[in-house]
Amino acid sequence: MSKKSKKDATTEASVEAAVASQDVVNDTSDSVEVADKKSKKRRWRMSRRGFLVGLGITGVGAALGLKFGVPEGQLALAGMLDDAAAPSNVKGSPVAWFEVGTEGTTLYMPKVEMGQGVHTALKQIAAEELELPWDAIQVVSSPTTRGLADGFGTGGSSTVSSLFTPLRETAATMREMLKTKAAEKLSVDVADLKVEDGVVFAAADSSKKLSYAEIVSGVSEWDVPKKAPALKAQSDFKYVGKPMQRVDFKDKLTGKAMYGYDMRKEGMLYGAVARPESFQATMKSAEVGAAKSQAGVVDVVITEDFAGVVATSRAAAYKGVEVLNVVWDEHSGFSTADAMALCTVEDGSGLTVQREGNAPKALKADSAKVIQAEYRTPMAAHSHLEPQAALAHVQGDKLEAWVSTQAPFVVRDDLAEAMGFKKENVDVTATFLGGGFGRRLSGKVAIEAARLSQATGKPVHVGWNRTEEFKYGYLRPPTHNVLKATLNGSKIEAMEHQVASGDVAFPFFPEFLTKVFGADFGAWRGATNFYDGIENRRTLSQRVKLPFDTGWWRGLGLLANTFAQESFMDELANAAGVDALEFRLEHFAASEDGQRFRGVLTKAAEMADWGGSLPEGHAQGIACSTDVNTKVAQVAEVSIENGKIRVHKISCAMDCGLTINPDGAAAQAQGGIIMSLSSVFLEKVDIADSRIQINNFDSYPLITMRDAPEINVEMVDSGPEPFGVGEPPMGPTAAAVANAVFALTGQRLRELPLKLNA
Amino acid sequence: MNLTINQQDFSVSDEDTTRPLLWVLRDELGLSATKFGCGAGICGSCSVQVDGVTMRSCVTPLVAVEGKSIRTVEGLATENEVGEEVLHPVQEAFIKHQVPQCAWCMSGQMMTALSLIEKNNDPSEEEIVNAMSNNYCRCGCYVRIKTAVKEAATLMQEQEA
């Protein structure tokens, strides 16, 4: 597994400093891509505002890349830890790039479209401030050589929240630059110009007008405004806050959209790679064997830790791999039970990640009355339906790759290191992704394709099969949560939450940083106690080192930690004899956060007619959570059918601040709830003899339409800024269902997947 | 070997006639709308129509489809007199209800829905659930798929009328 995605902070910082210290820096790799090769006018400038501005004229338009502030890498990381929302701009280059041409405006972004609708949302934001007609701007994932460095990648529900203001400012700056240039060309004072639908015109005489394409034509130098341009008032928004249709659906539904698995190139070949049975196995030896004489096999590549086959078809490549003589030093003996035993909270162990008041003291003082419960979740697999895929083409010391990845720059760096190539010679383009969910953040499949391409000089596609996807990736780690609390009447006096979890984020950071962090912020995501009306709260995060790979998953620890905390809140409400909704409402302070929690809880309860009459044999459960500052509350309505839990309805209220696209946000909530329900009912990865025991969907079934409940989603807007929506809806579902099951049956189920006692 | 796909004739190698239709479509003919998800006929991403019946192309040997009419998502939309693309009612309904997210499974969902509606253009909710519950959608678009399939049936009824 890659352990190096953040390793280049120092190098990047010094490059950035070099750029900043010079007024004009010619010929950066960023500008070459868009500039006319004959043009001498291309230049980079540093404006007073600290924007890095690249201007290049291609003959058909202008390109403008603006830097979103200059945060220090460490500061950005600290911010990410602080609010659990990763910034898009951990590294230092421009992160957006506009091109205005005769065909319209293109916004190049390093952010990828994996189903979450981010290209639509970014288009809404950019079109808004650029005053463009909806169809006149498109958002595309830019190749890495275009230079929009983004070491973080796409994830953490952070794209829209981190880019909202910077992208607006960038677009507004560009709009003002276009206006200024139009003023010159039209001989009209800039103050007398208006902009509508991509046309700049004189307010007094609308026949004096220029389209953006006409404005940029022939212009070689631009003036950057000295002060920040005015941003539109929220009441004037045409696109933001509206349920705009997704820009990618027509291509996706007609089969034109290209995903990593679909990429093809003239003369391409197919690759497959030898793999061991057990995790942690190392290659002892490998020999070509009969592989080279197999029909369709073009070449065999063997190094000290890699054996792969290139062939004219996927089937031939896999057959070739089967007859390689590879000897592995296999591991054995490790089982699910071992994983669970390792993943066990040791009382008081772990790093304190939240301390309000003095929970240990309060619990000790009232030790006879401590209520305690423990919860578990198993390993799970991401199960995005498009397995890992990459097409790579090595030509000399240059490499092009098209990859289904959430993090093209991480893949680029991984490729450069594995192949010994210069980074600027590696161009990675992120395709459409057939799901991401945190599983597409390593360069592994791209490296495999690149090694095989280098040997043959041909483009080589490597697409994993389902078994490879399940066995050779990384899993959601197992978790063990222990909660303790004391009640004073119907109020919680103190509460403590101890989390033991396998790694989530740590495998993707260098070892020294994990020591700095102390606790894996991915593992404790969602574990801190958000009931700010409780005086004494403590949360501890205990790192569990496991012998198999674990990592990112949609919502990170949110699903497991909220399942535990919100089930426990239900247990406490029962112990106090208070309605579960009332009990929650009473444990928030008169704070802004508390107000927002009350908002979503009240809304979800109202949607579900909480406490109203239900069909015979039905019951409701409620839960809430916070993630990336988005508050979510859900009410589940369940019954028991044929001895099994059936979920009939989920009512979900979500407060993500300003909602950019209400329909897109609702879709994310619906999808997150379904994905959670799949974990609630089905998903569990077993390990036996150091081998992952799932091979395909027959041993790892997912939820289907048959078990999908009615899902109602309502947004509770609460401010001028957007927060993430991709992961937060994963929070409350499991607890809401478990709490409903308790209300119905009296059985308190504390382990996922939920199984009724006989 | 000759194959009829979306009413067009294709000639493919008859070297190994047991090879799955999926990879012939995708890798040999460049018809990549049909997706790979599991290779075991479970997830439904690779669903195509063969003589109007939904088949899992990842486990359908080539020899089984010789001389039959194969339909994939590439064959859903048509062209009008002026050469513009006209979406199939199933595609229209899936766009109207903004169904997909990543959309990797959507070709299979649409081809499965099409077979259902062609047999029964007024399916009940239960019939839709029965027909569609063998197709996975990891993004969790089931609620919208259900609505869109009902809508597609209505659109197709109107078209027939």
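A residue counts as buried if 20 or more other C-beta atoms, placed from the backbone, lie within 10 Å of its own, as exposed if 12 or fewer do, and as partly exposed in between. The model is predicted, so local features need pLDDT of at least 70 and side-chain atom pairs count only at pLDDT 80 or more, while totals for chains, interfaces and linings use all residues. Residues are numbered from 1 along each chain as its sequence is written, and chains are lettered from A and ligands numbered from 1 in the order in which they are written.

- Gln668(A), which belongs to helix α18 (residues 662–681) of chain A, is buried because 28 other C-beta atoms lie within 10 Å.
- Beyond its neighbours within four places in sequence, Gln668(A) is in contact (C-beta atoms, placed from the backbone, within 7 Å) with Gln116(A), Val725(A), Gly726(A) and Pro729(A).

- Strand β8 (residues 199–202) of chain A is joined to β9(A) by three bridges, the two running antiparallel; pairing requires at least two bridges found by DSSP.
- Phe201(A) is opposite Lys209(A), a residue of β9(A).

Methods:
Helix = DSSP H or I, 4+ residues; strand = E, 2+ residues; numbered from the N terminus. Contact = placed C-beta atoms within 7 Å.
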